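Please keep the structure open as you read.

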Amino acid sequence: MLNRLTCPRLILAVLVFSSFAHPQSAPPRSGTPPQSGTQKDQKTIPAAPAPLVHDGWGRAITPPAKGQKLAPAPRHDISGTWEPANGPLDGGGFLGAKAMPEDGKPEHQLPFTPLGLETYKGTKPTIGPRMVLPADTNDPVAICDPQGMPREDLFQLRTTQIVQTPSKVMILYQFDQIWRVIWTDGRELPGDAEPRWFGYSVGKWVDDYTLVVETSGMDERTWLDLVGRPHSGDLRVEERFHRVDRDDLEWTVKIDDPKMYTKPWLALDKFPMKLQPPDFDVREMICSPSEAEQYNKLIATPVSDPSPNPSSNKDSR
Amino acid sequence: MERPYAMLRRLIAPTLLLAVLIFSASAHTQSAPPKSATPPQSGPQAGPEAGKDRQAAPAATAPVDYDGWGKPIPSVAKNQKPAPAPRHDISGTWDPANGPDDGGQFLGAKALPVDGKPGHEPAYTPLGLEAYLRTKPSNGARMVSPGETNDPELLCDPQGFPREDLFQLRTTQVVQAPGKIYMLYEFDRVWRVIWTDGRELPKDPEPRWYGYSVGKWVDDYTLVVETSGTDDRTWVDHAGRPHTADLRVEETFHRVDHDHLEWTVKIDDPKMYTKPWLAMDKFPMRLLPPDMDVREMICSRAEFDEYDKLIGNPASDPPGDKGR
């Protein structure tokens with residue numbers, strides 16, 4: 001029965017989850033697409049116009065021109081405003097970590113340890129083959145608890161601003177408007193650190209265009225991804241940021257947690273990001289528990305209501 | 001309507017202490033620094049500061065504060081000649097100059113706290129006062145018990161702007177890039193962008209929690225920032241001062257010298273207040289070394305619910321048959 005319900009529920013879950021607890025701010029009205037186009041637009045007559053996407057300031061985002069000669073990558077530099085190259089939802093991670101989605105395929109089976117499998121079975125995600133009804137989930141993000149690392153990379157990865165100073169790299173995520181620091185001053189990871197949601201990160205350049213980042217000390221209350229893959233406090237995450245050329249970045253995330261998985265696995269594998277113009281304002285997307293509660297009251301709990309005629313005791317229509 | 005204020009003044013002192021203790025322990029546990037970073041007893045430690053720490057023998061040890069990596073945060077150096085301010089530059093890792101808790105603002109906006117002193121209430125419009133009296137803060141003279149507060153921030157809703165400046169203002173990283181300035185706050189680990197590329201504020205924006213900000217340099221050392229389009233669900237400060245979506249906030253960042261910054265916040269909301277008022281007035285920040293790691297301080301609903309179950313709700317229950 002669950003299989004029959006999966007498709008419509010999946011769509012519903014994706015729509016409600018992404019639009020309720022984290023409504024993305026609408027761009028200012030003054031930024032509605034200009035009626036008169038540029039000269040280029042007037043000459044070509046598009047068959048079906050591509051939907052115009054707007055940034056946080058209401059400015060239309062111009063898609064990159066095709067057939068442009070690639071500019072060379074700057075050295076030791078991953079700074080900029082980066083957008084998933086294959087579209088704004090490409091980093092959604094709605095079936096879990098993009099490189100290992102929970103789609104039933106044998107190559108996407110994770111190498112769980114017995115403890116890993118047991119812990120995994122304890123998670124009740126809002127989506128995917130093991131999904132539960134909204135009111136029954138134990139996904140901490142459903143009540144707006146911090147995603148933490150590495151889930152911040154593996155669910156709703158959207159427009160990401162990267163800023164560098166001589167001793168650190170700062171990553172400013174769109175989802176939850178959270179920042180994270182990667183220390184590049186040569187320090188070591190702290191030995192016996194009190195766990196924190198986003199852990200502790202250090203990075204070093206392994207060549208002119210590749211930054212390798214190690215993260216440890218992540219709070220084990222977080223899930224790795226939307227479908228509830230688990231991790232322990234011993235988790236180590238290795239990220240690789242590879243500047244392919246001036247406009248392209250590849251982001252790789254490797255999970256290494258011997259308590260939960262018998263071997264490391266890639267959660268993101270060269271996920272492509274595209275450089276945006278520097279005046280791109282990121283739209284706001286912040287989890288609000290009171291909005292989530294509203295949603296639960298109006299939709300989730302009625303949907304989860306097990307009684308056969310949920311409307312029978314309410315006002316008749 | 002002066003009665004409410006008179007009555008409130010009597011309740012301030014005892015309730016204040018209680019509230020500070022309860023609140024700071026609950027929803028926003030600040031991450032403890034790594035254990036490995038207790039002051040080094042022996043052995044090499046990277047960095048030129050290590051030798052200096054060992055040589056100084058404090059008579060009465062001042063409490064040492066640690067950064068997120070477990071490194072001690074250097075205390076304010078005395079009698080140092082201030083180095084000159086760089087031009088058009090407020091970047092750096094800034095800490096409240098008078099101590100890490102100086103930006104706590106549990107009684108409300110630093111320059112206008114709800115402490116019963118004359119002149120410490122903004123000039124409300126009738127609508128403004130009405131909206132203010134509807135808020136039920138968890139601290140201060142008008143505080144209610146934890147189970148009764150309607151402070152959205154306590155439930156981990158976003159603080160938004162300008163409250164992000166006016167409650168728990170702590171270590172703040174400011175980074176400048178061409179055309180914009182990033183502010184990275186410790187509390188809730190949120191970032192905010194101030195556009196300095198000459199753009200105007202959007203005319204009719206959809207409100208957002210942190211609004212829309214543009215800034216410009218009015219002289220070599222002063223950046224003035226205008227913010228509009230803030231969501232009216234947020235409170236201006238921890239004391240529950242209200243605002244509408246018409247609120248305009250003006251911040252002034254003044255680089256006094258190389259190591260000092262003054263941060264001013266002005267509230268302008270004609271629907272709520274008959275005239276603008278200063279929420280922060282040259283709040284002093286001092287520059288920390290660039291290797292300071294900011295401690296994590298993020299609201300967790302699950303932790304708050306846990307707290308509520310164990311402490312908050314029992315505390316809110318009327319006295320009676322609890323058998324304590």
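1. P150(A) sits in the loop between α3 and α4 (151–154) of chain A; helices here are DSSP runs of H or I with at least four residues, strands are runs of E with at least two, and both are numbered from the N terminus. M149(A) and P150(A) are joined by a cis peptide bond, with omega about -5°.

2. A word on the basis: this is a predicted model, where local features need pLDDT of at least 70 and side-chain atom pairs count only at pLDDT 80 or more, while totals for chains, interfaces and linings use all residues. Residues are numbered from 1 along each chain as its sequence is written, and chains are lettered from A and ligands numbered from 1 in the order in which they are written.

3. Chain B has a cis peptide bond too, between F161(B) and P162(B), with omega about 5°. P162(B) belongs to the loop between α3 (126–134) and α4 (163–166) of chain B.

4. Most residues other than glycine have a negative phi, and most peptide bonds are trans. Do look, then, at Q156(A), whose phi is positive, near 55°. Q156(A) lies in the loop between α4 and β2 (160–164) of chain A. Q156(A) is buried because 24 other C-beta atoms lie within 10 Å (buried takes 20 or more, exposed 12 or fewer, partly exposed in between, with C-beta atoms placed from the backbone).

5. C156(B) also has a positive phi, near 75°. C156(B) is found in the loop between α3 and α4 of chain B, and counts as buried with 27 C-beta neighbours inside 10 Å.
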